[in-house]
Amino acid sequence: MAMIQKKLREKTKELLAKKEVDLVIGFSDWTLPLRTTPIFIRTPEGAEHLVWNSFCENNLAAYLHKFSRLKVGVVVKGCDARSVVALNLEKRFPNHPPLLIGVVCQRLVDRKKVKKAVKGEILQAVEQGDLLLVKGENFEVSLKRDDFLYPSCQSCTHRTPHQAHILIGDPVEEVSLVETHPEVGEFERKSPEERWDFFEKETSRCLRCYACREACPMCYCGECFVDSSRPKWIEKSLSPSDLAFYHIVRAYHQTGRCSGCGACERACPMDIRLTYLTQKLNQEVKDLYGFETGIQPEAAPPLSTFDPEDQQGFIK
Amino acid sequence: MKNPYLPIPMILKKAQIETSDRLLRTLELGFKNKEDEESFRFIPGQFCELSILGKGEAPLGIASSPTEKGFLKFTVNKAGVVTTALHHIEEGSEIGIRGPLGNGYPINLFEGKNLLVIGGGFAFTTLRSLVAYFLHPEHRAKVKEITVIYGARMPGLLLYKDELLEWERRNDLKLVTTVDWEDKDWKGKVGLVPNVLEEIAPSSENTSAVICGPPIMIKFTFPKLMALRFPNERIFTSLERRMKCGIGKCGRCNIGHLYVCKDGPVFSYAQLSKLPKDY
Amino acid sequence: MKLKLDKKNFEDFLKSLMEEYDLYAPVQPVEGVSVFKKIEQPSEVNLTQLVPQKPAKDIFFPQSEVMFCYEMAGKQSRMNSMEEIKRERILFGARPCDIEAISIIEKIFVGEEYTDVYFLEKRRKTTIIGLGCNHPLSTCFCSSAGGDPFLRAGSDLFFIDLGETYFVELLTEKGAALRKNRFFKEVDPNDLTLVKELEGKAFEKVGYSIPVEGIEKRLDLMTESSFWDRVHEKCIGCAVCTYLCPTCHCFDMVDEALNNKGQRVRNWDSCLFPIYSLETSGHNPRPTGRERTRQRLMHKFNYFPKNFGRVACVGCGRCILYCPVQFDIREALLYASAKRAKGLKRKFR
């Protein structure tokens, strides 16, 4: 990872020095352990603040909408690169398609899981090889990194951002999931009643802060359906039906567009499980149309095209 | 304790479409309860939250003058959910109001001076209240000359046309109306409000100016007032912002440390020049 | 008056409170998430998370609250205001920062001219049992923001965790009403020493390193600073920081109606949402993240102090802990302070 970080800084420095881009969006260390923060670099010297580690949890493609007038370089993981491809297909970059600085992802550490594994506040966390050294005021433990991955990373089948213009790190052999995403499988094994209970229990904690929406690169509607007053689709309070409505529609709007990055779930302050819904839809789209978001740069998303050969079995 | 969020019931006595585009409707509301009427004291420039149950509330400046007893008048621009409902509501129906809210025009500061009133489009409502207040026999002597410049895109979009005709006939008020596009019967001026202001060039000496209109009009009128040497302290405007509570609690309408609903909506340019440009 | 409570009697003590009051305390719907909620069973109460996600303001100013119900019959209508609280309440286990924040919100909700009856009714009918913070987090900066980990102000009773027992102080008349509770015992002189010790340690840990004092004046000069051009860039415009903030008090009012019945509801709102200030005409006085972030920070550290003589921040650290992109309010404060500005410029490119 140290090598990746070094190359990342070199490449960024070069891109900015040669003015190939106006801005590079990447990750930097900041004030909390187990975290990084998005950073916006405009000068070659600024590249020194870039970091790469297992805490680079944001999908930086979400920022591209803000900088449509600039030539932007963006640091992307496999999943993030797929989002950019999907956005490009939706014609989100009429001026300057972003330059993708792809990093082969070692998969990310779930900070919430790590916190639950120790007693007391974590003050420092560093990676050493496959280990994660975690320190607090009265403790110091080393954890196996791979035991603490995000659910979306555990089932990741596209760690290498092949779509990137610049690829940093050596491509890895991707695993192919034999069966299904674990979180989807877990959900599917429940009875319909249990599924509803699970869904309702999860959404009952929702604050409607819309962190999941804002963290997602695909949620870029000028006016989200929850904010529309004419027509008013949904009330603004916390009734179970409104919460369910928001989460179902949010997930459905992602069909054939979600890269499964898991940024929505990570953004949630209330630890609401979200990816079992979107990953389920991803799986359906793959089964029905053989389509995976952002893998083939030219393939149109199945829900925005029509083909007489399309599966119709679900229309009853 | 009085619950400031509960509307008092009013009855829509009379409603009338004001303009040729049919987007402005004037509502005359009567009090349902006598006690509400007696306790409702306001000054020109204040506003109310009009409430349609099931739709919500919208803040609207009071267009009638405190000297006109027994009713309140509002002119509603059909734009959002509530204002559209206010366009459809039938005479005789109940409409809730909360108010009077806000500070209103600094009537006392105007006393003993000339008054220059500049209005554009449908922002003429509280200006109408202000002029009607000072035209009332009881108050006319409090200010010296009253000059009104009122412009709209076309003649059909001017508010309160009958009253404007009446004002034209008076000799204690100078009324200048202007439109961007005249029609064959138009007898007033043709041109933008800032240019008309420049042309008639009222003296700034011992004069207060009150200006209400679309932001673009205000933007270009303000330099003309500066050129006429109106000091910032004697130029007033009434601001509009998205509002909910109307009583300085819900947060959204602040400009710097001041709330448009509670500390405004009327501000002097001297005040505004010290605040962030969040409007 | 100083008393103590054996922890082995803790649940029975809570039960005894529930006989006369509705009890509100932190619970954990899932591990790692804590909120204040009305307690059905004493065993639900869970104090392990120092800073619950949802602050105690939720008890006085709920995220979603019916203001009044109405019914329409032809052209007439009937309204029924919903402010009345039937049963006295106890808020247990709120930390000093959250409790101080209640009095900050009170400054705006209970005004000279207009009083928010919904807030005041709950405030009046709630007895607050505060809980001292023996182990403040690294993100806590209450002392810098005018409070401290053991601040009693605002509490009617104050609990301090001494391990096996809680040290209990009755601070107000409302608090004294509980003095006869059968589970309270007399204190040992040793306990007082222990309290002093715990306080000392916590004060030292939380420190005074964040320059909040004088921030109002510094920000006066920064309204149009280029600082705002960059600091907002990483903000994604969600409402985590504002909803979880114990002092943020903005709300929206909406009607929810079906046929001839309905209710006017108020819900928390956030100045970071573009729609918050968007006008019907399409004009938005705060069109970008720059103006919205400026509003959030200036309101806390400049506008609110101008109106009420105190910053609208209690240093609880929620906005730091739960922000999806690690916007750190402390760094913004350090930046605004002349002393550290140079060193930090590097980081806020």
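**Notes on the model**

1. Chain C contains 13 helices and 12 strands; helices (H or I, at least four residues) and strands (E, at least two) are DSSP runs, numbered from the N terminus. This is a predicted model, in which local features need pLDDT of at least 70 and side-chain atom pairs count only at pLDDT 80 or more, while totals for chains, interfaces and linings use all residues. Residues are numbered from 1 along each chain as its sequence is written, and chains are lettered from A and ligands numbered from 1 in the order in which they are written.

2. The C-alpha trace of chain C spans about 70 × 60 × 40 Å along its principal axes. Of the 349 residues in chain C, 49% are buried; a residue is buried if 20 or more other C-beta atoms lie within 10 Å of its own, exposed if 12 or fewer, and partly exposed in between, with C-beta atoms placed from the backbone. Among contacts in chain C with a separation of 6 or more, 70% come from residues 24 or more positions apart. Two residues are in contact if their C-beta atoms, placed from the backbone, lie within 7 Å.

3. Chain C is split into domain 1 (2–70 + 79–206) and domain 2 (215–345), with bounds that come from an automatic or database domain assignment. The centres of these two domains of chain C, taken over C-alpha atoms, are separated by 26 Å. The contact between them involves 32 residues of domain 1 of chain C and 25 residues of domain 2 of chain C. On the domain 1 side, strand E4 (64–73) and helix H3 (96–109) of chain C are the elements that give two or more residues. H3(C) gives the most to that side, with 8 residues. By class, the domain 1 side has 19 nonpolar, 7 polar and 6 charged residues. Here Ala, Val, Leu, Ile, Met, Phe, Trp, Tyr, Cys and Pro count as nonpolar, Asp, Glu, Lys and Arg as charged, and the others, Gly among them, as polar.

4. Chain B has 8 helices and 15 strands. Its radius of gyration of 18 Å is close to the 19 Å given by the globule rule for 279 residues, so chain B is as compact as a globular protein of that length. The C-alpha trace of chain B spans about 50 × 45 × 35 Å along its principal axes. Buried residues account for 49% of the 279 residues in chain B. In the contact between chains B and C, chain B supplies 31 residues and chain C 40 residues. The chain B side of that contact has 11 nonpolar, 11 polar and 9 charged residues.

5. Chain A is assigned domain 1 (2–110 + 149–304) and domain 2 (111–148). Their C-alpha centres lie 25 Å apart. In chain A, 9 residues of domain 1 are in contact with 13 residues of domain 2. The domain 1 side of chain A divides into 4 nonpolar, 2 polar and 3 charged residues.

6. Chain A has an open sheet of 3 strands in the order E5-E6-E7, with antiparallel pairing; two strands pair if DSSP finds at least two bridges between them. Strand E5 (122–128) and strand E7 (140–144) of chain A stand at the edges with a single partner strand each, so one side of each has no neighbour in the sheet.

7. E5(A) and E6(A) are joined by 6 bridges, and A:Val126 stands opposite A:Leu133 in E6(A). The hairpin of E5(A) and E6(A) has 2 residues between the strands, and A:Gly129 takes a positive phi near 60° there. Strand E6 (residues 131–136) of chain A is joined to E7(A) by 5 bridges. A:Leu131 stands opposite A:Lys144 in E7(A).

Technical notes
Rg over C-alpha atoms; globule rule 2.2 N^0.38 Å.
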